[in-house]
Amino acid sequence: MTTYAARRTPVHRGPAAWSAILPGQPAPVTLDGDRTADFAVIGGGFAGLSAARRLAQMNPGAKVVVLEASRLAEGAAGRNSGFMIDLPHELTSEDYAGHGDDRAVIALNRQAIDFARGAVETYGIDRNFFDPAGKVNGAASEKADALNRSYARHLTGLGEANEYLDAQAMADLTGSRHYLSGICTPGTVMLQPAGYIRGLGEGLRRDGIGVFENSPVTGIVRQGNSWEIATARGKVRAARVILANNGHLESFGFAKNRLMHVFLYASMTVDLDASALKKLGGRPRWGVTPSDPMGTTMRRIDTGQGGNRIVTRTCATFEPGMEASEAALARTARVHREKFEERFPQLRGAPMEYTWAGHLCLSRNGVSVMRELDKGLYAAAVCNGLGTARSTLTGIGAAELASGVESAVTRHFTAETEPTRLPPPPFATLGANAYLRWKEWRAGKE
């Protein structure tokens with residue numbers, strides 16, 4: 001008998017703002033009692049729900065169960081910035097360019113976007129929650145402008161469309177005079193991540209898939225030819241199980257001392273009134289990622305996505321205990337205020353309604369963990385900060401592996417090496433946080 005016990009379950013700091021700005025959800029359906037299934041998926045985020053949908057596509061009539069520790073879209077899946085990016089977006093590089101010829105990765109990212117688009121069409125998810133509007137890399141300094149031009153040359157070399165925006169074009173787009181330039185790329189989808197995840201979960205339920213919320217898994221035990229999955233109020237017995245729980249893969253004992261648990265922080269304004277919108281100017285929807293990966297991401301949304309609001313996202317902390325602190329949340333809220341008012345002095349004093357932390361999981365060598373871990377036990381984890389697209393892909397891949405299907409997705413991830421080891425504590429924690437703070441400082445105006 002093989003047992004994997006969960007050493008911890010997810011802890012979130014701050015509200016899941018993307019979900020909070022939408023109408024309320026129906027009461028959660030929790031796992032209450034015992035069930036049997038052909039497939040069980042642990043985690044109801046981008047990876048887990050994508051895995052469930054792919055399993056249903058390949059195994060008509062199969063019983064599929066999804067177990068989510070919290071409410072749909074109130075965990076990590078509802079705490080990102082909502083950028084589903086098709087192009088190279090390597091967070092550890094100077095300009096996102098990655099390494100060499102990225103055509104294969106671009107093709108996979110676009111497969112993830114197409115999969116999500118198919119879910120939107122199939123389940124009637126509000127198109128405001130899946131907007132193929134593209135995004136802009138913004139530059140606020142000559143150094144950052146040079147990074148942007150380097151990234152543009154890389155994209156042009158790959159045959160990928162990109163458009164250079166000067167300072168006036170950036171002001172026309174955002175209403176901000178902060179930016180010197182920008183590189184616009186058309187393939188990014190701007191998600192309302194909570195709306196998309198909620199809609200995907202509702203669609204899966206209509207298809208007969210059991211999606212259970214507020215049902216954190218406490219342990220998995222191999223008994224004969226199946227696995228028994230324990231929660232507080234019930235159990236699921238399934239022949240094949242997918243761990244789609246990103247960094248909490250380590251909570252079950254896998255990839256120990258190989259995963260970097262990083263929290264990014266964001267704040268969202270109140271719903272801006274007509275007077276504030278007139279002062280702001282610009283277009284009603286846009287997304288700007290910084291030319292320096294450790295800079296500040298900004299995003300504006302409108303009423304179709306939950307109100308006329310601006311999101312500011314910056315600051316990171318390394319937390320091997322997988323829990324951000326209230327002190328970090330307070331510090332980053334102050335930084336968000338400064339970054340917001342640098343960009344939008346005309347909105348100085350506009351209240352921030354929400355501030356939150358979101359859990360990322362990265363590996364030092366940039367690989368994910370998408371493979372069979374034990375007989376009938378698969379992983380779809382380690383998004384490397386690219387959760388909307390990468391997690392969708394790992395979910396697809398794990399579902400295909402569990403169904404005995406080989407594809408470009410499974411070949412890509414199973415060919416990756418395992419995550420490299422981290423330095424021992426406390427050096428990893430102290431060194432990583434010092435490095436992150438230095439990178440934030442170096443990003444400066446970005």
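**Entry 1: strand β3**

I looked up A40 first, and its bridge partner in β3 is V65. I am working from a predicted model. Four bridges join β2 (residues 33–42) to β3, and the two strands run parallel. I then followed the chain from β2 to β3 and found that it passes through helix α2 (residues 46–58) in a right-handed β-α-β crossover.

I checked what stands opposite V65 in β10, and it is G210. Three bridges join β3 to β10 (residues 210–212), again in parallel.

**Entry 2: S81**

I found S81 in the loop between β3 and β4 (83–84). Its relative accessibility is 10%, so I count S81 as buried. Beyond its neighbours within four places in sequence, S81 is in contact with W18, T297, R299 and R313.

**Entry 3: cysteines**

How many disulfides does the whole structure hold? My search found zero. For C315, the nearest cysteine sulfur is that of C383, 19 Å away. C315 is buried, with a relative accessible area of 5%.

A disulfide needs the sulfur atoms within 2.5 Å. C383 is buried too, with a relative accessible area of 4%.

**Entry 4: aromatic pairs**

I searched the whole structure and got five aromatic pairs. One of them joins Y4 and W227. This pair is tilted, at 6.0 Å centre to centre with 35° between the planes. Y4 lies in β1 (residues 2–5) and W227 in β12 (residues 226–231), so the pair ties together parts 223 residues apart in sequence. Y4 counts as buried at 16% relative accessibility, and W227 counts as buried at 0%.

Next I took F46 and Y196, which form a stacked pair. Their rings are 5.7 Å apart centre to centre, with 15° between the planes. F46 is in helix α2 and Y196 in helix α6 (residues 193–206), 150 residues apart. I count F46 as buried at 5% relative accessibility and Y196 as buried at 1%.

Which residues do ring pairs link into a cluster with Y4? I noted W227 and F254.

Key: Residues numbered from 1 in each chain as written. Predicted model: local features only at pLDDT ≥ 70, side-chain atom pairs only at ≥ 80, totals over all residues. Heavy atoms only, no water. Pairing = 2+ DSSP bridges. Right-handed = clockwise from strand over helix to strand, strands pointing away. Buried < 20%, exposed > 50% of the residue type's maximum accessible area, 1.4 Å probe, protein only. Contact = heavy atoms within 4.5 Å. Phe/Tyr/Trp six-rings, centres within 6.5 Å; stacked < 30°, edge-to-face > 60°.
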